[in-house]
Amino acid sequence: MAKIRTYLKYIVIICVAIYTVVLFVNWRVNSIGKPLMYNDINKAPSSYTVIVLGASVYANGNLSPILKDRVDTAHELYKSGKAQRFLLSGDHGQDNYDEVNAMKDYLNAKGVPDEVIFLDHAGFDTYDSMYRAKHIFKVDSAIVVTQQFHLPRALYIANALNLNYKGVTADKRTYQYLESLERREKIANIKAYWEVLINKKPTYLGKPVPITGDSKLSY
């Protein structure tokens, strides 16, 4: 019985330690990211570049509601004169799945020319998107667009990379499985904290494609 009580004691200590770490990391991410966020486009600062973070695309090429709202919000910033270039960052790791060109096609249909749209095909996660924005596309200042549950993490990573990024929330509706997404974000925050801590390199780097240059080089 004494051994069992000892084991239970260690289990409790470990569980409390894990819970404390999760609380601390999420507090840290939110305390840095949230002050950089804007819910109102009219109050958001202007920036040369707006970065759209990828999300699911359907098999027919249509954007999921979450991604559509992100691209629509970025388009509103562009139309209002608060951004001049788009950096669309998402997953295009397979020929049969392409978030970035789906976003580009959607913007083209709204009348946005190719000349102002840059594509990051290797934005496989938020850390990769932020790291590549800095090192590949030379974007030191930007507006990042994504939903409220996701934006603090993106801005926390950008801040850790010494980037002058602000964020605009893209919440235009109530999303399905939002509670699940918010729970998953708590785990993703721990991953981001670790990636920042070890100065992780992204899955791919490559040759620079400056956002001030020719967008066709990113296609």
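Predicted model: local features only at pLDDT ≥ 70, side-chain atom pairs only at ≥ 80, totals over all residues.
Two strands count as paired here if DSSP finds at least two bridges between them. Strand β6 covers residues 164-169, and six bridges join β5 to β6, with the two running parallel.

You can pick out individual partners along that pairing. Isoleucine 143 stands opposite lysine 166 in β6, and valine 144 has glycine 167 of β6 as its bridge partner. As a rule, side chains in a regular strand alternate between the two faces of the sheet.

Now look to the other neighbour of β5. Strand β2, residues 49-53, pairs with β5 in the parallel sense, this time over three bridges.

Zoom out and the whole sheet comes into view. The sheet is open and has six strands, in the order β1-β6-β5-β2-β3-β4, with parallel pairing. At the edges sit β1 (37-38) and β4 (117-120), each of which pairs on one side only. For β1, that partner is β6: two bridges join them, and they run parallel.

Next, the helices. Helix α4 lies across β2, β3 (85-89), β4, β5 and β6, and runs at about 155 degrees to β2. Within α4, which covers residues 126-135, you'll find serine 129. Is this serine buried or exposed? Its relative accessibility is 3%, and because buried means under 20%, serine 129 counts as buried. Setting aside neighbours within four places in sequence, serine 129 is in contact with Leu53, Ser89, Asp120 and Gly123.

There is another serine worth a look, in the segment after α6 (178-197): serine 215. With 2% relative accessibility, serine 215 also counts as buried. What does it touch, leaving aside its neighbours within four places in sequence? Serine 215 is in contact with Asp114, Glu115, Ile117 and Phe118.

Finally, turn to a pair of helices packed against one another. Helix α2 (residues 65-79) and helix α3 (residues 99-109) pack at an angle of about 50 degrees, and their axes are 11 Å apart. That angle makes α2 oblique to α3, and the crossing of the two is right-handed. On the α2 side, the contact is made by Leu67, Lys68, Val71, Asp72 and His75; α3 brings Met103, Tyr106 and Leu107. Sorted by class, the contact of α2 with α3 has five nonpolar residues, one polar residue and two charged ones.

Note on methods
Residues numbered from 1 in each chain as written. Heavy atoms only, no water. Axes fitted to C-alpha atoms, helices over the stretch in contact; angles between N-to-C directions. Helix = DSSP H or I, 4+ residues; strand = E, 2+ residues; numbered from the N terminus. Parallel < 35°, antiparallel > 145°, perpendicular 65-115°, else oblique. Left-handed = near helix turned anticlockwise from the far one by under 90°. Contact = heavy atoms within 4.5 Å. Nonpolar A, V, L, I, M, F, W, Y, C, P; charged D, E, K, R; others polar. Buried < 20%, exposed > 50% of the residue type's maximum accessible area, 1.4 Å probe, protein only.
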